[in-house]
Amino acid sequence: MILTVVIIAPILEEFIFRINLRHSILNLSLFLAAITYLLTGVISDYVISIWIRLIMSFFLWIIYYELFVELFDRNIQTSWNRYSLIFFYVSLFSFGFSHIFNYQLSCKLLIYLPIITLPQTISGITLAYIRIKYGILYSILLHSTSNAFSLLLGIILVNKT
């Protein structure tokens with residue numbers, strides 16, 4: 001659980017939600033590799049080992065990169081420049097709303113979705129700023145640190161009762 005919460009989840013989430021805030025073919029291919037990793041887990045109901053999914057995603061990342069360099073470099077850059085603000089806001093709100101699955105879903109809960117996911121959305125704004133200003137490594141480190149503190153606090157609170 002610690003490996004997932006503190007290392008895998010922050011890397012995966014940063015590659016899915018924030019890597020494309022800086023435009024490059026490399027970043028797009030890393031984004032698709034992260035999506036591939038996530039989807040292989042969902043499709044296989046997490047039966048496929050983490051390591052097999054990581055290796056498969058790594059090789060697909062190389063393939064994605066080579067494909068995009070050859071086929072789409074100029075068109076993708078034009079689209080990114082035109083729609084970068086839209087990408088930014090979609091990234092922020094999708095990161096916040098993706099954390100709704102941390103809770104038991106019910107109709108009553110969905111009404112309060114914007115309030116419940118507000119802390120994650122604010123975190124997404126902070127991480128996006130760090131990503132754009134300082135780079136992806138720093139946003140991953142901040143995300144990992146935040147998750148580690150949350151996990152540690154949860155463990156302390158559970159053990160106190």
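Tutor: A charge sits over a ring if NZ of Lys or CZ of Arg is within 6 Å of the ring centre and within 35 degrees of the ring normal. Please keep in mind that this is a predicted model.

Student: At what distance from the ring centre does Arg-53 lie over the face of Tyr-37?

Tutor: Arg-53 is among the residues of α3 that make the contact with α2, and Tyr-37 is among those of α2. Arg-53 lies over the face of the Tyr-37 ring, and its distance from the ring centre is 3.9 Å.

Student: What is the handedness of the crossing of α2 and α3?

Tutor: The axes of helix α2 (residues 25-43) and α3 come within 8 Å and cross at roughly 145 degrees. The residues of this contact divide into 17 nonpolar, 5 polar and 1 charged. The crossing of α2 and α3 is right-handed.

Student: Which geometry does the aromatic pair of Phe-17 and Phe-95 have?

Tutor: The structure holds 5 aromatic pairs. In the pair of Phe-17 and Phe-95, the ring centres are 5.4 Å apart and the planes stand at 75 degrees. Planes over 60 degrees apart count as edge-to-face, so the pair of Phe-17 and Phe-95 is edge-to-face.

Student: How many residues apart in sequence are the parts that this pair ties together?

Tutor: Phe-17 lies in helix α1 (residues 2-17), whereas Phe-95 lies in helix α4 (residues 73-98). The pair therefore ties together parts whose separation in sequence is 78 residues.

Student: Is Phe-95 buried or exposed?

Tutor: The charged end of Arg-18 sits over the ring of Phe-95, 4.3 Å from its centre. Buried means under 20% relative accessible area. Because the value for Phe-95 is 2%, Phe-95 is buried.

Student: Which residues form one aromatic cluster with Phe-58?

Tutor: Phe-58 and Trp-61 form a tilted pair, 5.6 Å centre to centre with 45 degrees between the planes. Being 3 residues apart in helix α3 (residues 50-71), they are separated by about one helical turn. Phe-58 is partly exposed at 40% relative accessibility, and Trp-61 is partly exposed at 22%. The residues that form one aromatic cluster with Phe-58 are Phe-59 and Trp-61.

Student: Leaving aside neighbours within four places in sequence, which residues is His-143 in contact with?

Tutor: His-143 is found in helix α8 (residues 136-160). At 4% relative accessibility, His-143 counts as buried. Leaving aside neighbours within four places in sequence, His-143 is in contact with Pro-10, Glu-13, Glu-14, Arg-18, Phe-95 and Leu-127.

Key. Residues are numbered from 1 along each chain as its sequence is written. This is a predicted model: local features need pLDDT of at least 70, side-chain atom pairs count only at pLDDT 80 or more; totals for chains, interfaces and linings use all residues. Side-chain values use heavy atoms; hydrogens and water are left out. Rings of Phe, Tyr and Trp (its six-membered ring) pair if their centres lie within 6.5 Å; planes under 30 degrees apart count as stacked, over 60 as edge-to-face and the rest as tilted. Helices (H or I, at least four residues) and strands (E, at least two) are DSSP runs, numbered from the N terminus. Buried means under 20% relative accessible area, exposed over 50%, partly exposed in between (1.4 Å probe, protein chains only). Contact means heavy atoms within 4.5 Å. Axes are lines fitted to C-alpha atoms, for helices over the stretch in contact, and angles run from 0 to 180 degrees between N-to-C directions. A crossing is left-handed if the near helix is turned anticlockwise from the far one by less than a right angle, and right-handed if clockwise. Ala, Val, Leu, Ile, Met, Phe, Trp, Tyr, Cys and Pro count as nonpolar, Asp, Glu, Lys and Arg as charged, and the others, Gly among them, as polar.
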